[in-house]
Amino acid sequence: MMERMPDPPESIPESHRDLLQSRVAIMATVGPDGRPQVSALWFLAQDGTVKVSLNTSRQKTKNLRRNPKVSVVLLDHANPHRYVELRGDAEIQPDSDYKFADLVGAKYGVDLRSRDRPGESRVIVTIHPVRARPWG
């Protein structure tokens, strides 16, 4: 079976691009037992896609390192029947200087450094959509 070619970031229809400014993303990863693990996350929209800052000790980070397949839902909080789902692959990059984490923290008024214990670090997870599915 052939892998589907990724949709470009502009594959999120104009009618749903405002959801890239939503306050929370819902992300599903594949857990070690093959079952989905779903988490609500803070995120930033950059280059037409979703990026999140994750602590390296968290299960969702471990899940993505093992299996980069991911699904992210951006929900319209004013109309929960309207959303866009991004199915794709996660690219993980180190954020040892907390540069990206500081950007995410600024959006939410939180210092993400204070949420990490000594010895922990952060990564930038970029979602590369294979499919963008709008609804509503």
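Which residues are buried in helix H1, residues 59-66? In this predicted model, they are Lys-60, Thr-61, Asn-63 and Leu-64. Viewed down the axis of H1, these buried residues fall within an arc of 160 degrees, so they line one face of the helix. The elements that cover them include E1, strand E2 (36-41), E4, E5, E6 and E7. H1 lies across those strands, E1, E2, E4, E5, E6 and E7, and runs at about 55 degrees to E1.

I turn now to the sheet. It is an open sheet of 7 strands, in the order E2-E1-E5-E6-E7-E4-E3, with antiparallel pairing. At the edges stand E2 and strand E3 (44-46); each has a single partner strand, so one side of each is left without a neighbour in the sheet. On average, neighbouring strands are turned by 35 degrees against each other, direction ignored.

Within this sheet, E6 and E7 form an antiparallel pair over 12 bridges. Asp-89 stands opposite His-128 in E7. The other helix I wish to mention, H2, packs on the sheet and touches E3, E4 and E7. The direction of H2 makes about 120 degrees with that of E3.

Finally, the core. The largest nonpolar core comprises 29 residues, and those with the most contacts inside it include Met-27, Val-50, Leu-54 and Val-72. At least two residues each come from strands E1 (25-30), E4 (49-55), E5 (69-75), E6 (83-94) and E7 (122-135), and from helix H2 (99-108). E7 gives the most, with 5 residues. Leaving aside residues up to four places away in sequence, Val-72 touches, among others, Met-27, Val-50, Leu-86 and Ile-127.

Conventions:
Residues numbered from 1 in each chain as written. Predicted model: local features only at pLDDT ≥ 70, side-chain atom pairs only at ≥ 80, totals over all residues. Heavy atoms only, no water. Core = buried A, V, L, I, M, F, W, Y, C linked by side-chain atoms within 4.5 Å. Buried < 20%, exposed > 50% of the residue type's maximum accessible area, 1.4 Å probe, protein only. Helix = DSSP H or I, 4+ residues; strand = E, 2+ residues; numbered from the N terminus. Contact = heavy atoms within 4.5 Å. Arc of directions from axis to C-beta. Pairing = 2+ DSSP bridges. Axes fitted to C-alpha atoms, helices over the stretch in contact; angles between N-to-C directions.
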